[in-house]
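Subject: Structure for your files

Hello,

Here is the structure I said I would pass on. Please look it over first; my notes on what was found follow below.

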Amino acid sequence: MAKEYKLSPERLKELQEELIYLKTVREKEVADQIKEARSFGDLSENSEYDEAKNEQGKLYSRIAEVENILANYVIIEEHEEDHDTVRLGSKITVLDKEFDEEEVYQVVGSQEADPMNGRISEESPFGKALLGKSIGEDVEVEAPAGVLHYQILNIQKA
């Protein structure tokens, strides 16, 4: 069974637009690069041709990756009635008990994860520890540096 990719409606739209761009504009650019490189002569010693073919390979790889995601996605549904439990798409304010600092995170699908900007994957240890928890609950996260302790202060619909 193919892996399901959990996407927000915004991320779905971004991927659909990226696929259109890759199949129209970018594919034509790469084809033009190959055509131009061929005109330089002997292909066996033509680094421009090799580079253009490598670029074409990367392009087709990305197109296949995006098509696979779009063929196997699930939209993250917003739960209007439940703001008390951490779910996919929730924005959570937590208290880092070790440093006594508040931090804000959003739990997202793996395709949208960006930990440096507070977007954590539901598949990460921290994301898994948060899911299903409620305001006031303590969360323990197994990390390479040891067990980290957090308390959930607030949960918002993103």
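**The two helices**

Helix H1 (residues 9–38) packs against helix H2 (residues 47–71) at an angle of about 160°, and their axes are 9 Å apart. Bear in mind that this is a predicted model. Angles over 145 degrees count as roughly antiparallel, so H1 and H2 are roughly antiparallel to each other. The crossing in which H1 passes H2 is left-handed.

**The sheet**

Five strands make up an open sheet, in the order S5-S4-S3-S7-S6, and the pairing is mixed. The edge strands are S5 (119–121) and S6, each of which pairs on one side only. From one strand to the next the twist averages 45°. In general, strands of a sheet pair through backbone hydrogen bonds, in either the parallel or the antiparallel sense.

With strand S3 (residues 90–96), S7 forms an antiparallel pair over seven bridges. In that pair, serine 90 stands opposite lysine 157 of S7.

S7 also pairs with strand S6 (residues 138–143), again in the antiparallel sense, over six bridges. S6 and S7 form a hairpin, with two residues between them.

**Glutamate 112**

The last item is a single residue. Glutamate 112 sits in the loop between strand S4 (101–108) and S5. Is this residue, glutamate 112, buried or exposed? Its relative accessible area is 8%, and buried means under 20%, so glutamate 112 counts as buried.

The side chain of glutamate 112 makes a polar contact of 3.0 Å with the side chain of arginine 119. Which residues is glutamate 112 in contact with, leaving aside its neighbours within four places in sequence? They are Lys6, Leu7, Ser8, Arg11, Ile76 and Arg119.

Regards

Key. Residues numbered from 1 in each chain as written. Predicted model: local features only at pLDDT ≥ 70, side-chain atom pairs only at ≥ 80, totals over all residues. Heavy atoms only, no water. Pairing = 2+ DSSP bridges. Helix = DSSP H or I, 4+ residues; strand = E, 2+ residues; numbered from the N terminus. Axes fitted to C-alpha atoms, helices over the stretch in contact; angles between N-to-C directions. Buried < 20%, exposed > 50% of the residue type's maximum accessible area, 1.4 Å probe, protein only. Polar contact = N/O pair within 3.5 Å; in protein donor to acceptor, adjacent residues only side chain to side chain. Contact = heavy atoms within 4.5 Å. Parallel < 35°, antiparallel > 145°, perpendicular 65-115°, else oblique. Left-handed = near helix turned anticlockwise from the far one by under 90°.
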